[in-house]
Amino acid sequence: MDFLQSIFRVNLNVLPFYLLAVIISFTVHEFAHAYYANKFGDPTAKLLGRVTLNPAVHIDLLGTLLLLIGGFGWAKPVPVNRDNFSRPRLMGIIVSAAGPLSNLLLAFVTTLIYAMLLHFQVLPGMENQRVAQAIYLFINALINLNLFLFIFNLIPLPPLDGYRIVEDVAPTPVRRKLQQFEQWSIFIFLLILVIPQVRAVTIEPLYMLAQMIYIQFLQFSFYITGLFGA
């Protein structure tokens, strides 16, 4: 058991809930990309069956495993052909931003639901506290993971969404220079994964930032639910 715990980033007791949160979060993220790409006139994702909330078409097993072990991973990327957009750069930015923003929205909605469950004594009043604890662990994993994915995917490194947004914003000469460095991105992520010192100043601060946003979401959610009375 100690050996298995040393492999995974999350506690083994939380692992099933965290895995479910990963599946939901990745699915929502990729669906958002596919939905807006199709909405703006690019049928590529739709033809591949990606405009769906079915996790089977979005989840990448290796990417999911690395998220559980290393703290970051990926789903199957949604193919997007910007040439099909009437305004390629603007619509490209929206499609790229749709993924991270969907994670932010999911985190906020889940936080609001959690605040309501606490405010109206649904979780504290449960007779079966093991079920209540399971719900809490799942909600906590879902919120934290989605906030992390929101922040992480906005990093301007390929193939992350933040890089695609920078590509669409940057002038063409700058865009061409940026593309010359895309081949090195995999080595950067390997350094982060393998070297703890690098990870400590790159990935770990993102988790702390996610926690800070979580606290703000909770405070706002408790304020909203307080307006409904006890």
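**Exercise 1.** Is Tyr36 buried, partly exposed or exposed?

*Solution.* The model is a predicted one, in which local features need pLDDT of at least 70 and side-chain atom pairs count only at pLDDT 80 or more, while totals for chains, interfaces and linings use all residues. Residues are numbered from 1 along each chain as its sequence is written, and side-chain values use heavy atoms, with hydrogens and water left out.

Step 1. Recall the classes: buried is under 20% relative accessible area, exposed is over 50%, and partly exposed is in between (1.4 Å probe, protein chains only).
Step 2. The relative accessible area of Tyr36 is 31%.
Step 3. Tyr36 is therefore partly exposed. Tyr35, at 36%, also counts as partly exposed.

**Exercise 2.** Classify the ring pair Tyr35 and Tyr36, then the ring pair Phe108 and Phe220.

*Solution.* Step 1. Rings of Phe, Tyr and Trp (its six-membered ring) pair if their centres lie within 6.5 Å; planes under 30 degrees apart are stacked, over 60 edge-to-face, and the rest tilted. The structure holds 10 aromatic pairs.
Step 1. For Tyr35 and Tyr36 the centres are 5.1 Å apart and the planes stand at 90°, so this pair is edge-to-face.
Step 2. For Phe108 and Phe220 the centres are 6.0 Å apart and the planes stand at 35°, so this pair is tilted.
Step 3. Locate the second pair, taking helices as DSSP runs (H or I, at least four residues) numbered from the N terminus. Phe108 belongs to helix H5 (residues 88-119) and Phe220 to helix H11 (residues 203-226), so the pair ties together parts that are 112 residues apart in sequence.

**Exercise 3.** Describe the lining of the largest pocket.

*Solution.* Step 1. On a 1 Å grid over the protein atoms alone, a pocket is an open set of points where a 1.4 Å probe fits, with protein on both sides within 12 Å along at least five of seven lines; lining residues have an atom within 4 Å of a point. Grid points are joined across faces, edges and corners, and the volume is the space filled by probe spheres set on the points.
Step 1. The volume of the largest pocket is about 760 Å³.
Step 2. Its lining has 29 residues, and Trp74, Ala75, Pro77, Pro159 and Leu160 lie nearest the centre.
Step 3. Helix H9 (185-194) is among the helices that each supply at least two lining residues; H9 gives the most, with five residues.
Step 4. Sort by type: Ala, Val, Leu, Ile, Met, Phe, Trp, Tyr, Cys and Pro are nonpolar, Asp, Glu, Lys and Arg charged, and the others, Gly among them, polar. The lining divides into 18 nonpolar, seven polar and four charged residues.

**Exercise 4.** How far does H11 reach, and which helices do its buried residues pack against?

*Solution.* Step 1. The expected span is 1.5 Å times one less than the number of residues.
Step 1. H11 has 24 residues and reaches 35 Å from its first C-alpha to its last, close to the expected 34 Å.
Step 2. The buried residues of H11 include Tyr207, Tyr214 and Phe217.
Step 3. With contact meaning heavy atoms within 4.5 Å, the buried residues of H11 pack against H2, H5, H6, H9 and helix H10 (196-200).
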